[in-house]
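Look over the sequence and the model, then read the briefing below.

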Amino acid sequence: MPKRFCNSCQAKDNLKCCSQCKLVDYCSQECQKRDWRSGGHKIICAKAPKVVEKAEAKMNSFSLRDYTTRNVGTFMVTRAQAERGQIIEEEQAQDMCYDAMEMQEGSPGKLEQILAALNHFPLSVEAWGMLGRFYRWETKSNEVKTKECSTVALKMYENAIICARKLNSTWTEDRSDELSWGDIENRPYLRAVSGRAQVLKDVGKKEEAITQAKKLIRWNPSDNQGMRQLLCSWYLETGDTEGCTNLLRKYEESLCTSLSYSDVLLQFLRWKKDDVVENDVKRALYAALKTNPFVPDLITAAKMKKKLHEYISPGEISDAESYAYDARRVWRMHPESVEWLSAQKLPGNSIPREQDLIELLRSGKTFRMKCTHTDSVDSSAKITSFVTGTQKRKRCIGCGLSDFFWPRQLDQPHKTSADIIFHDNARNEHYQFDSRTDRWRRTKYSDVVEVPYWKILLQFYEEDQSDDEFDEEQVTSQKAKKNKYQYRHPNMTGIG
């Protein structure tokens, strides 16, 4: 659990909470005065509450006559805008919020910009929503004082929703029609609803958070905000395996790292209820390992430090760390699941037989192995590390480039005890990829230290391979039929 710290000097002793906002701690009056003058605390502690109070008063007494409107017709606008016109002040406040989005997270300047937008138009849904986000996720103490920050943020998000419904009378709580993310005018409201669901969970109102999240997914089924990932974890946290099963079934065609590993935990819980057999849990783990092989080590580790990533790459370690940091708590609510996951890593032997290893490499399935390896050309510099190797051409990074290098040895059957050449798809900290051959690494079977979860990978590989071959045959057949159809009916292609 994160420890309290001084908001000015980061000291962790003799701390006292700010008596006004209750959101930050200081170790001395000197630090408090310094942060008040130059650290931005004056804005969040004194200025923000005054702007919020003033905006709430205007929000409660809202009258369209107090603002300037212009006719925008009926095309590509909301129903409310078509009826009352575009509110000029709302549009200007939205532009101010867009400017704030480009500013540094948690900076005093960003907070001032948000407050300026709210001051300009007190019913700005975006400004209220951004203020909620700032309190919950951008203050320095947001992890230490989660409940306090979330309580304030909840009020901001609720104000955003009230404003959205004042401006759009059809956006009621019991609305059944969709609110597409593709319509930009809907996004501030959808962001506010998403933020409210998350802070409801943070303040301990789990059932209300789940209800809010379900409504959001009903309004925006494409779920561009990723609410299904959070909702899946919340279902598991509350023990609602049926709700989790239905949600995963709805989005089974787009399983990401989060949903894949949520499915593993779900199947484990169902196995313990005798709803499925252990083989179903293993099959779910196999599917999850293909999505991201880095997660299990993070789930089973004794401790994990939070890492902030500017960009998250699907299937990479950044994706795994983003999921695992929050998911660890849910997994550890069921200690048997973590023990089971650990037991699957290296069952019996640390590595499979040599021919089985080659089969996995040539399959193109994503998996990790620890080995001592060298450059494919220069064998003098040996490195022992984890790699994400493959011998399947179309799975290699850069395979579509004109200068992609392919070792001819891989066109021949592998001979026992011969060198194993593989393409490393991982971002490896031990060496840099400066040329087209650098990703090609060389090792020997005797230098392979471990292949995590190799038994799971081999158990379901043949089944998966037959499915892949069936899919490829289907695609080829469909393409042939399409080409045949287009050839017989040239008018369908716009010719003639």
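A residue is called buried when its relative accessible area is under 20%, exposed when it is over 50%, and partly exposed in between. The model discussed here is predicted. The protein has 496 residues, and 47% of them are buried.

**Overall make-up**
- The secondary structure consists of 18 helices and ten strands.
- The C-alpha trace spans about 80 × 80 × 50 Å along its principal axes.
- Of the contacts between residues at least 6 apart in sequence, 63% link residues at least 24 apart.

**Cysteines**
- A disulfide is a covalent bond between the sulfur atoms of two cysteines.
- A search of the whole structure turns up zero disulfides.
- Cysteine 18 has its closest cysteine sulfur in cysteine 21, at 3.7 Å, which is too far for a bond, because a disulfide needs the two sulfur atoms within 2.5 Å.
- Cysteine 18 counts as buried because its relative accessibility is 4%.
- For cysteine 256, the closest cysteine sulfur is in cysteine 232, 8.9 Å away and also too far for a bond.
- Cysteine 256 counts as partly exposed because its relative accessibility is 23%.

**Helix H13**
- Helix H13 covers residues 278-291, which is 14 residues.
- From first C-alpha to last, H13 reaches 20 Å, close to the 20 Å expected at 1.5 Å a residue.
- The buried residues in H13 are Val281, Lys282, Ala284, Leu285, Tyr286, Ala288 and Leu289.

Conventions: Residues are numbered from 1 along each chain as its sequence is written. This is a predicted model: local features need pLDDT of at least 70, side-chain atom pairs count only at pLDDT 80 or more; totals for chains, interfaces and linings use all residues. Side-chain values use heavy atoms; hydrogens and water are left out. Helices (H or I, at least four residues) and strands (E, at least two) are DSSP runs, numbered from the N terminus. The expected span of a helix is 1.5 Å times one less than its number of residues. Buried means under 20% relative accessible area, exposed over 50%, partly exposed in between (1.4 Å probe, protein chains only). Contact means heavy atoms within 4.5 Å.
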